[in-house]
Amino acid sequence: MSQRRYAIIGTGAIGGYYGACLQRSGLEVHFLLRSDYRLVKEQGLIIDSCQGNFTLPVVKAYSDPTEIPPCDVVIIALKATQNHILSQILPQVVTENSVVLLLQNGLGAEEKIAQIVNNPIVGGLCFICANKVAAGQIVHLDYGSVKIAEYSPHQQPCGVTDTLRAIAQDCQQAGIKIETSEDLLQTRWEKLAWNIPFNGLSALLEATTAEIMADAGLRALAETLAWEVAEGAKSSNRAISAEYITALMKRTEKMKPYHTSMKLDRDAKRPLEVEAIFGNPLRLAKAKGISLPHIEMLYQQLKFLDRKIQNSP
């Protein structure tokens, strides 16, 4: 059994679920929390999962990052809208031998983390339907796989490194379906082909993925947006195939009705991950002279919605 020690920065739906799976498998996991700290410290974590419910009655929970012991892998599972606090947190948790694993949507976060710490950075894309429904309680509805790749400052494919293999081994031990990728930027653009249409449309229209897929016009719009992401990927010299987009749409069609994270953020009047998921890819494409008109329209609408949320009482 691995002796690697894990820290979870952000114990929401993603960090809570994957961290709980790692602890259940026998690994030592330390959870950083904010609003849920006291309840989780007293009652643990409850996971209602399509793959089997379980409870961790005792977890190593912290509200102060300075109290977390040195960890081999530091998992960042915060929303991209909270990345501004990482400059205060990461230096308290990361040691010279730590690996930082970022489980987050969008583009551009690894570059900012590399300005904070001088450690190997791994990007992880989660293909999961999971929501935090109450303090210390996470519902896992569908899927659950993770695809990881190592970050290169020059955005070149790194290959499958020993770092990736070690993390993948721990995840497999924990029952997490995991895939390693040689190219982080390719993997991020592929995930955007889902996140841009479905996070964006679900937040604007207050619709589930099932409602979007059941409406012929919205389904066609979602597919158009996915194809624009493929066009945008060319700005990074990456290609998304027709087969990938076809499989993405079929997988979404089979998905259980799901309220995306951006839709739930709208409901809770939290900041939306507009810049990470929409703004950064658009700016990268524009810098290369690539126009993405449908994504641009969605971006402007979401920015308006986000400002409205932030200005609401």
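**Entry 1: Pro70**

I began with Pro70, which sits in the loop between strand S5 (60-62) and strand S6 (73-76). I noted at the outset that this is a predicted model. I then asked: is Pro70 buried or exposed? Its relative accessible area is 53%, so I put Pro70 down as exposed, the cut-off being over 50%.

Next I looked up the contacts of Pro70. I left aside its neighbours within four places in sequence, and found Arg5 and Thr95 in contact with Pro70. I also checked Leu103, which is 33 residues from Pro70 along the chain. The C-alpha atoms of Pro70 and Leu103 are separated by 20 Å.

**Entry 2: aromatic pairs**

How many aromatic pairs does the structure hold? I found two. I looked into the pair made by Tyr17 and Tyr18. Their ring centres are 5.2 Å apart, and the ring planes stand at 70°. Planes over 60 degrees apart count as edge-to-face, so that is how I logged Tyr17 and Tyr18.

I then checked the accessibility of each tyrosine. Tyr17 has 4% relative accessibility and counts as buried. Tyr18 is buried too, with a relative accessible area of 3%. The cut-off I used for buried is under 20%.

**Entry 3: positive phi**

I turned to backbone angles. Tyr143 has phi near 55°, a positive value in a residue other than glycine. Where is Tyr143 placed? I located Tyr143 in strand S9, which covers residues 137-150. Its relative accessible area is 28%, so I wrote Tyr143 down as partly exposed.

Asn237 also went into my notes, with phi near 60°. That value is again positive in a residue other than glycine. I found Asn237 in the loop between H8 and helix H9 (242-254). At 71% relative accessibility, Asn237 counts as exposed.

**Entry 4: H6 against H8**

I moved on to helix packing. Two packed helices are described by the angle between their axes and the distance between the axes. I looked up both for helix H6 (residues 184-205) and helix H8 (residues 216-233). The angle is about 140°, and the axes are 8 Å apart. Roughly antiparallel would need an angle over 145 degrees, so I recorded H6 and H8 as oblique to each other. Their crossing is right-handed.

Which residues of H6 and H8 make the contact? From H6 I listed Trp189, Leu192, Ala193, Ile196, Pro197, Phe198, Leu201 and Leu205. From H8 I listed Leu218, Leu221, Ala222, Leu225, Ala226, Val229, Gly232 and Ala233. I sorted the residues of this contact by class: 15 are nonpolar, one is polar and none is charged.

**Entry 5: H6 against H12**

I stayed with H6 and looked at helix H12 (residues 293-311). The axes of H6 and H12 come within 10 Å and cross at roughly 40°. Angles under 35 degrees would count as roughly parallel, so H6 and H12 went down as oblique to each other. H6 passes H12 in a left-handed crossing.

What does H6 bring to this contact? I wrote down Ile196, Gly200, Leu201, Ala203 and Leu204. They meet Ile295, Leu298, Gln301, Leu302 and Leu305 of H12.

How values were computed
Residues are numbered from 1 along each chain as its sequence is written. This is a predicted model: local features need pLDDT of at least 70, side-chain atom pairs count only at pLDDT 80 or more; totals for chains, interfaces and linings use all residues. Side-chain values use heavy atoms; hydrogens and water are left out. Axes are lines fitted to C-alpha atoms, for helices over the stretch in contact, and angles run from 0 to 180 degrees between N-to-C directions. Helices (H or I, at least four residues) and strands (E, at least two) are DSSP runs, numbered from the N terminus. Angles under 35 degrees count as roughly parallel, over 145 as roughly antiparallel, 65 to 115 as roughly perpendicular and the rest as oblique. A crossing is left-handed if the near helix is turned anticlockwise from the far one by less than a right angle, and right-handed if clockwise. Contact means heavy atoms within 4.5 Å. Ala, Val, Leu, Ile, Met, Phe, Trp, Tyr, Cys and Pro count as nonpolar, Asp, Glu, Lys and Arg as charged, and the others, Gly among them, as polar. Rings of Phe, Tyr and Trp (its six-membered ring) pair if their centres lie within 6.5 Å; planes under 30 degrees apart count as stacked, over 60 as edge-to-face and the rest as tilted. Buried means under 20% relative accessible area, exposed over 50%, partly exposed in between (1.4 Å probe, protein chains only).
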